[in-house]
Every structure is written in structure tokens, then in C-alpha cells.
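Hi,

Here is the structure I said I would pass on. Have a look at it below, and my notes follow.

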Amino acid sequence: MKEPDAPACCHGPSACVFAKALLARSAQCSLAQRQPVGEADVLVCSSPVARINCGTLLALLRERSSFALRLPRPPAPLVHARALQLQQGGLAALQRCLEAGAAQADVHALVALAHERHGSLLELPWQALVEAVVAWPPRRRRADPSS
């Protein structure tokens with residue numbers, strides 16, 4: 001069975017868990033590398049351990065936010081907007097919760113800091129994180145130029 005929020009099969013087991021947030025340029029990661037796949041580029045994680053940690057964080061974000069965001073149960077995929085909200089909102093909330101400045105906006109560094117300060121991702125202040133994810137504002141659509 002496919003794990004929740006697992007990237008599509010063509011992206012492989014090393015695909016970056018937070019690729020949507022990285023591609024939207026709302027986050028960055030020192031371990032993410034672009035690899036060409038056909039005519040497209042895919043973000044992959046250069047560290048299997050870091051990918052597992054990020055996967056755990058994203059799975060916990062989805063589990064803890066599922067009721068508030070009315071998410072479908074795994075293994076049902078998320079619509080793009082909800083996946084973005086979970087990734088971007090979750091990383092922004094974690095950064096705010098850990099009081100990490102803009103200099104520490106790196107996803108790998110945030111996850112490592114969360115482990116260092118709380119001992120486990122399970123011990124994070126999940127109520128505050130979920131509230132911040134729910135309140136995360138989606139990107140505004142551009143005005144229709146033909147109007």
C-alpha cells in the first residue's frame with residue numbers, strides 16, 4: 001500500500017516530501033536536489049534519514065489537521081490546494097512555533113531543530129500548529145487580464 005502523501009510512482013522513493021512548498025518558493029531545503037525526469041525536473045532528497053523525518057512530520061500534520069481541514073482519510077490523495085496548505089502552512093507554523101528566524105527557513109534545519117527542542121515530533125505543540133495551518137491564507141489568484 002502507498003504511504004499517505006507519497007509522491008507519484010514516477011518520482012521514486014527519494015522524492016522530496018515538501019516538494020510543493022519548495023516549488024512554490026515558500027520554503028527551501030539544503031538537501032533538495034533537482035533531477036531531470038523526462039522533460040520535467042523533480043525534487044529529490046539527498047538524505048534518506050531526512051526524508052523519513054520530513055515524511056513523519058507531514059504525516060503528523062495531515063493526521064492532526066484532518067478534522068479541522070476536513071481532509072479525506074489516507075490513502076486518499078489530497079487536492080493540490082489542500083496539499084499546499086498543509087505543506088506551506090505547516091512549515092510556516094513550525095517556523096513560528098520554534099521561533100526560528102528567516103535565516104532558519106530551511107526545511108531540514110527546522111525538522112532538526114524540532115527534534116532538538118522537543119525530543120520528538122510527537123511532542124510538538126500540535127494545537128497551535130493546527131490552528132496556524134487552518135489559518136494559513138492561500139495565495140491570491142491573479143486578476144483576469146481580459147476583464
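What should helix H3 (residues 80–97) span at 1.5 Å a residue, and how far apart are its end C-alpha atoms? Bear in mind that this is a predicted model. With 18 residues, helix H3 should span 26 Å, and its end C-alpha atoms are 25 Å apart, so the two agree.

Just past the end of H3, glutamate 99 has a positive phi, about 55 degrees.

On to the cavities. Searching the whole structure turned up one cavity of 30 Å³ or more. The largest cavity holds about 50 Å³ of space. Around it sit Cys16, Val17, Cys29, Leu31, Cys45, Ala50, Arg51 and Cys54. By type, that lining is seven nonpolar residues, no polar ones and one charged. Helix H2 (residues 48–69) gives the most to the lining, with three residues.

Last, the charged pairs. Side chains of opposite charge can pair when their charged atoms come close. The count here is one salt bridge: the side chains of arginine 64 and glutamate 63 meet at 3.4 Å, N to O.

Cheers

Conventions: Residues numbered from 1 in each chain as written. Predicted model: local features only at pLDDT ≥ 70, side-chain atom pairs only at ≥ 80, totals over all residues. Heavy atoms only, no water. 1 Å grid on protein atoms, 1.4 Å probe; cavity = no way out; pocket = protein on both sides within 12 Å on 5 of 7 lines; lining within 4 Å. Points joined across faces, edges and corners; volume = space filled by probe spheres on them. Helix = DSSP H or I, 4+ residues; strand = E, 2+ residues; numbered from the N terminus. Nonpolar A, V, L, I, M, F, W, Y, C, P; charged D, E, K, R; others polar. Salt bridge = Lys/Arg side-chain N within 4 Å of Asp/Glu carboxyl O. Expected span 1.5 Å × (residues − 1).
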